[in-house]
Amino acid sequence: PNLRVDVFLVTSFRENVVRVKNGPFYSARGDAVAFVIKGDEAEARQVRFGVSNFDYVEILSGIEPGEEVIISDTESYRGQLKLAVYN
């Protein structure tokens with residue numbers, strides 16, 4: 001009695017997809033701008049999202065496997081084509 005358990009159901013499964021960690025950059029709209037890191041810059045890319053869960057977001061186009069993506073909230077940089085990245 002009085003015990004609770006979280007249950008996550010798998011309703012579909014896809015193989016060989018590009019995915020990134022879910023974060024504030026993602027909105028469930030389908031298309032958005034994401035920043036991809038290239039050296040000391042991050043370039044804006046139009047990205048098309050697919051399905052998502054609590055952990056990951058499927059990328060249908062705009063990001064290739066192995067590319068680094070900024071998953072933080074970048075709304076304040078809307079309209080920028082490139083950002084400087086400092087380590």
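Trainee: Which residues lie nearest the centre of the second largest pocket?
Mentor: Ala32, Val33, Thr74, Glu75 and Arg78 lie nearest its centre, out of 18 lining residues. A pocket here is an open set of points on a 1 Å grid over the protein atoms alone, where a 1.4 Å probe fits, with protein on both sides within 12 Å along at least five of seven lines; lining residues have an atom within 4 Å of a point. Please note that this is a predicted model, in which local features need pLDDT of at least 70 and side-chain atom pairs count only at pLDDT 80 or more, while totals for chains, interfaces and linings use all residues. Residues are numbered from 1 along each chain as its sequence is written, and side-chain values use heavy atoms, with hydrogens and water left out.

Trainee: What is the volume of the second largest pocket?
Mentor: The volume is about 310 Å³, taken as the space filled by probe spheres set on the points, which are joined across faces, edges and corners.

Trainee: How much space lies in the largest pocket?
Mentor: The largest pocket holds about 600 Å³. Its lining has 18 residues, and Val10, Ser12, Val51, Ser52 and Asn53 are the closest to its centre. E4 gives the most to this lining, with three residues.

Trainee: Changing topic to Glu58: where does it lie?
Mentor: Glu58 is in strand E4, which covers residues 56-61.

Trainee: Why does Glu58 count as buried?
Mentor: Glu58 counts as buried because its relative accessibility is 8%, and buried means under 20% relative accessible area with a 1.4 Å probe, protein chains only.

Trainee: With which side chain does Glu58 make a polar contact?
Mentor: The partner is the side chain of Arg14, at 2.7 Å. A polar contact is a pair of N or O atoms within 3.5 Å, one able to donate a hydrogen and the other to accept it; residues adjacent in sequence count only if both atoms are side-chain atoms.

Trainee: Which strands does E4 pair with?
Mentor: E4 runs antiparallel to E1 (residues 18-21), joined by four bridges, and pairs in the antiparallel sense with E3 (residues 41-52) over three bridges. Pairing requires at least two DSSP bridges between two strands. Val20 is the bridge partner of Val57 in E4, and Phe49 that of Ile59.

Terms used:
Helix = DSSP H or I, 4+ residues; strand = E, 2+ residues; numbered from the N terminus. Buried < 20%, exposed > 50% of the residue type's maximum accessible area, 1.4 Å probe, protein only.
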